[in-house]
Amino acid sequence: MTTSKTPFNRLLIVSYRLPFTIHQTPEGLSLKQNAGGLVSAVLSMAERLGQPGAPVASKIHWVGHADPALQSVDPAVFENETFVAHPVFLDEAVNKGFYEGFSNDLLWPLFHYFPSYASFRESDFTCYQQANARFLEEVLALIEPGDLVWIHDFQLMLLPNLVREARPDTRIGYFFHIPFPNYEIIKLLPRAWRQQLIQGVLGADVLGFHTPDYVQHFLQSVSEVLALPIIGNRVVFPDRSAVVRDFPISVDFAKFNNSGQEDAVVAMRHGYLSLLRHPKLIFSVDRLDYTKGITSRLQGFERFLHQHPEWRDTVTFVMTVVPSRDNIPQYQEIKREIEETVGRINGLFGSIGWRPVVYLYSSLTFTELLALYTACDVALITPLRDGMNLVCKEFVASREDGRGVLILSELAGAAQELPDALIINPTDTQEVADAIHKALVMTPREQEGRMRKMRDRVQNYSVFRWSHDFLKAFDEMMNNPLELETD
Ligand code: G6P
């Protein structure tokens with residue numbers, strides 16, 4: 001990888017969630033960094049900022065929403081040796097309309113092709129505008145000439161343009177972590193909303209999406225909604241242009257690859273395998289969400305058990321669902337549906353000594369996750385729609401042994417990068433059942449052949465390459481200005 005040539009002063013990250021928690025230690029409260037991929041990517045990106053070869057010029061600033069209960073905490077607590085967290089405290093009613101309402105009850109279902117789940121409330125849009133404006137205040141209080149501001153995800157679509165208007169010379173990046181749908185979906189939004197949202201993200205200099213399809217969808221919306229000229233991958237304004245490109249997000253390959261043999265992981269893996277006492281293990285893990293296709297996954301497994309009685313008593317499906325957004329009725333509904341389906345399958349097929357589905361509604365520690373990724377024979381990942389899906393990449397990166405089979409939905413962004421998985425359509429429960437059978441009887445040789453190609457891809461395009469390419473796009477743009485016509 002070549003080093004970015006573009007000098008930036010500091011890196012300011014803005015996302016709805018701060019990747020930190022505040023912990024009580026014997027010395028008092030302290031900031032604890034979450035171990036997510038975005039944090040690692042940002043850290044590696046910071047090393048490449050500044051003048052080539054120079055050390056990181058300053059700490060990384062991260063702006064994000066925080067619990068109002070932390071308002072009274074000493075600001076010094078929000079800082080460690082690498083990061084400074086800048087909490088945005090939102091009024092409770094504004095946060096509800098902004099986060100639960102406009103973000104999770106409208107944009108989320110709509111952009112994942114669930115328009116019938118979308119609620120269009122004017123009051124929510126007002127809260128969304130107010131919340132984006134609050135984030136702007138925090139950014140403006142911080143920003144210095146030469147900073148790079150990198151804004152993330154669908155909760156903050158208005159922010160890039162708000163920053164552009166307030167500080168026209170700022171370098172702004174924007175990355176969209178969920179699918180960007182076809183224009184027919186965007187058209188469901190009231191005209192004024194869709195104009196503001198598209199104009200909002202176009203405040204950035206570089207806009208990133210996971211796949212080439214999402215880029216095409218976005219550019220079509222730009223033409224339809226704003227009628228702006230597009231040259232190649234750039235949207236052209238009278239005084240500047242914005243680069244729109246795909247950057248498929250990924251995982252820290254080495255971290256997953258190297259952890260499978262750690263003592264704690266090995267011990268936990270052995271523990272699980274001896275507890276389960278069944279020769280074959282299928283595993284899945286998702287945040288609770290109707291987009292994840294958890295019910296149709298269970299129906300595929302049920303069909304498999306029905307059609308292949310020879311596998312009964314020998315295969316266990318460990319299905320972990322991580323609690324999420326449970327204030328929203330559709331999430332409560334999907335949880336109920338999942339629990340009913342698990343109950344039905346276990347009641348129908350189980351025996352005194354065998355539970356076909358082991359269902360856990362909880363988060364997993366990294367050690368537990370690694371133990372399950374490396375213990376299982378099959379990872380069953382069947383979203384009805386997913387911007388990328390990192391679980392499948394984590395699974396692949398964890399399989400240093402070259403074994404294991406990935407069953408992956410064609411509706412996850414990752415399917416475009418991992419064609420050596422068993423690709424299925426999650427609504428086709430027969431296809432899911434057939435894929436489970438195929439995976440369980442697959443020879444070690446075929447498993448290794450498929451796994452090798454998938455691991456090569458994830459190793460070569462890790463989360464570091466993702467953030468590096470994003471940064472490099474600024475260089476490309478600055479070094480190749482469009483010849484803009486002036487009167
Ligand atoms: C997705 C979104 C993120 C979001 C995360 C968790 O990955 O792209 O922006 O933060 O889900 O959802 P939550 O509503 O708990 O923040």
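Helix axes here are lines fitted to C-alpha atoms over the stretch in contact, with angles taken between N-to-C directions from 0 to 180 degrees. The model on screen is predicted.

**Stop 1: α13 and α15.** Select residues 391-398, helix α13, and residues 444-460, helix α15; their axes come within 9 Å and cross at roughly 110 degrees. Angles of 65 to 115 degrees count as roughly perpendicular, so α13 and α15 are roughly perpendicular to each other. The crossing of α13 past α15 is left-handed. Show Lys-393, Val-396 and Ala-397 on α13, then Met-451, Met-454, Arg-455 and Val-458 on α15: these residues make the contact.

**Stop 2: α10 and α14.** Move to α10 (residues 294-307) and α14 (residues 429-441), which pack at about 60 degrees with axes 8 Å apart. This pair is therefore oblique, and α10 passes α14 in a right-handed crossing.

**Stop 3: the core around Ile-407.** Ile-407 is, with Cys-392 and Leu-406, among the residues with the most contacts inside the largest nonpolar core, which has 144 residues.

**Stop 4: the sheet.** Colour the strands in the order β5-β4-β1-β6-β7-β8-β11-β10-β9; these 9 strands form an open sheet with mixed pairing. β5 (83-88) and β9 (230-231) are the edge strands, each with a single partner, so one side of each has no neighbour in the sheet. Zoom in on β9, which pairs with β10 (residues 234-236) in the antiparallel sense over 2 bridges. There, Ile-230 stands opposite Val-235 of β10.

**Stop 5: helices across the sheet.** Select α7 (residues 212-226), which lies across β8, β9, β10 and β11 and runs at about 150 degrees to β11 (241-246). Then select α3 (residues 122-142): this helix lies across β1, β4, β5 and β6, at about 145 degrees to β5.

**Stop 6: α4.** How many of the 8 residues of α4 (residues 159-166) are buried? The count is 6, so α4 is largely enclosed by the rest of the structure. The buried residues are Leu-159, Pro-160, Asn-161, Leu-162, Val-163 and Arg-164. To see what covers them, display elements including β1, α3, β6, β7 (171-175) and α6 (191-201).

Technical notes
Residues are numbered from 1 along each chain as its sequence is written. This is a predicted model: local features need pLDDT of at least 70, side-chain atom pairs count only at pLDDT 80 or more; totals for chains, interfaces and linings use all residues. A nonpolar core is a set of buried Ala, Val, Leu, Ile, Met, Phe, Trp, Tyr and Cys residues joined through C-beta atoms within 7 Å. A residue is buried if 20 or more other C-beta atoms lie within 10 Å of its own, exposed if 12 or fewer, and partly exposed in between; C-beta atoms are placed from the backbone. Two strands pair if DSSP finds at least two bridges between them. Helices (H or I, at least four residues) and strands (E, at least two) are DSSP runs, numbered from the N terminus. Two residues are in contact if their C-beta atoms, placed from the backbone, lie within 7 Å. Angles under 35 degrees count as roughly parallel, over 145 as roughly antiparallel, 65 to 115 as roughly perpendicular and the rest as oblique. A crossing is left-handed if the near helix is turned anticlockwise from the far one by less than a right angle, and right-handed if clockwise.
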